[in-house]
Amino acid sequence: MAWLIYCTIFMSAVVPIWTTCGDLWELSCLLCSPISPGLEADLESKLFGQHIASRIILKAVSGFMSNENPKKPLVLSLHGWTGTGKNFVSELIAENIFKKGMDSKYVHVFTSELHFPHSSQSDTYKQWIKGNVSECGRSMFVFDGMDKMHPGLIDSIKPYLDYYDKLDGVSYRKAIFIFLSNAGGESIVDIALDFWKAGRSREEIELRDLETVLSLSVFNNKKSGLWHTSLIDKNLVDFFVPFLPLEYHHVVQCAMNEMKVRGHEPDLNVADEVARFHIDFPKREGIFAFKGCKTIQSKLDYYT
């Protein structure tokens with residue numbers, strides 16, 4: 001009861017700050033509690049095989065959203081093979097911050113090949129970021145396909161990610177920037193494979209086993225949009241979040257969940273067929289799903 005009274009008083013005290021961000025949840029539990037039960041529940045029940053990513057995302061996002069005066073924007077760089085959950089996690093974060101989730105006008109998705117195929121257009125999205133953050137400080141920006149972006153292009157938005165109170169009268173400190181990339185995926189897979197060969201559980205893999213290797217791999221990858229970027233050099237990326245390659249039972253979970261989402265009774269036999277089709281790496285051992293859960297929907301269309 002005391003918590004409810006505190007929360008009510010706290011909410012009434014801060015709501016006026018958010019009048020320009022009408023699509024935000026009513027500050028929901030992200031600001032009434034040290035963690036977000038909604039985000040935690042989503043990560044536990046919908047994201048499979050990603051114990052490291054789940055833990056980082058929950059603590060980083062919940063902590064950032066509960067901080068009324070962050071020193072800089074939250075910058076997350078998500079790495080791993082396709083189909084491991086990077087885009088999906090971005091959706092979960094948006095759904096737990098904005099009432100309309102990814103459809104919110106405060107959530108902006110940038111796809112490198114579609115929106116900015118030419119490096120000369122960097123000024124375009126600098127103005128785009130500025131305009132949207134001016135409308136709502138809690139804006140969220142997702143940069144998909146960082147590994148396909150022109151090297152050095154992302155450095156043009158460095159000032160917006162730094163420790164500045166304001167730039168041209170606009171504060172960016174409450175914004176969230178999420179970079180999605182396949183770069184570094186091979187390094188993550190190599191470590192996961194080493195654990196498997198040593199007979200160790202993937203749950204034993206910790207962030208410290210991956211973080212340095214991952215950041216160096218991304219920084220030194222000449223084909224990556226983060227190649228020799230000052231965002232890494234100046235430590236502006238708060239977390240490099242590794243997404244592990246998925247195994248058979250994770251793909252089964254994906255298939256079962258997709259059937260449930262479609263309103264069908266989950267069929268383990270169908271999920272088994274779909275999962276067996278996906279497990280294809282390494283070629284001899286067949287431990288991981290090279291495409292993760294990316295093609296689950298189309299495969300279910302075939303098997304159901």
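Visitor: Where in the chain is the place of proline 282?
Guide: Proline 282 is in the loop between β7 (279-281) and β8 (288-289). Those labels number DSSP runs from the N terminus: helices (H or I, at least four residues) and strands (E, at least two). The chain has 14 helices and eight strands. This is a predicted model, where local features need pLDDT of at least 70 and side-chain atom pairs count only at pLDDT 80 or more, while totals for chains, interfaces and linings use all residues. Residues are numbered from 1 along each chain as its sequence is written, and side-chain values use heavy atoms, leaving out hydrogens and water.

Visitor: What kind of peptide bond joins phenylalanine 281 and proline 282?
Guide: A cis one, with omega at about -15 degrees. For background, most peptide bonds are trans.

Visitor: What percentage of the 304 residues in the chain is buried?
Guide: The figure is 51%.

Visitor: What is the volume of the largest pocket?
Guide: About 870 Å³. Of its 30 lining residues, Gly83, Gly85, Phe88, Cys293 and Lys294 are the closest to the centre.

Visitor: Why does the largest pocket lie between two domains?
Guide: Domain 1 (35-243) and domain 2 (248-301) both give residues to its lining, so the largest pocket lies between them. The domain bounds come from an automatic or database assignment.

Visitor: How many cavities of 30 Å³ or more does the search find?
Guide: Two in the whole structure. The second largest cavity holds about 30 Å³ of space, and its lining includes Pro73, Tyr160 and Arg173.

Visitor: What makes up that lining, by class?
Guide: In the second largest cavity, six nonpolar, no polar and two charged residues. Here Ala, Val, Leu, Ile, Met, Phe, Trp, Tyr, Cys and Pro count as nonpolar, Asp, Glu, Lys and Arg as charged, and the others, Gly among them, as polar.

Methods
Buried < 20%, exposed > 50% of the residue type's maximum accessible area, 1.4 Å probe, protein only. 1 Å grid on protein atoms, 1.4 Å probe; cavity = no way out; pocket = protein on both sides within 12 Å on 5 of 7 lines; lining within 4 Å. Points joined across faces, edges and corners; volume = space filled by probe spheres on them.
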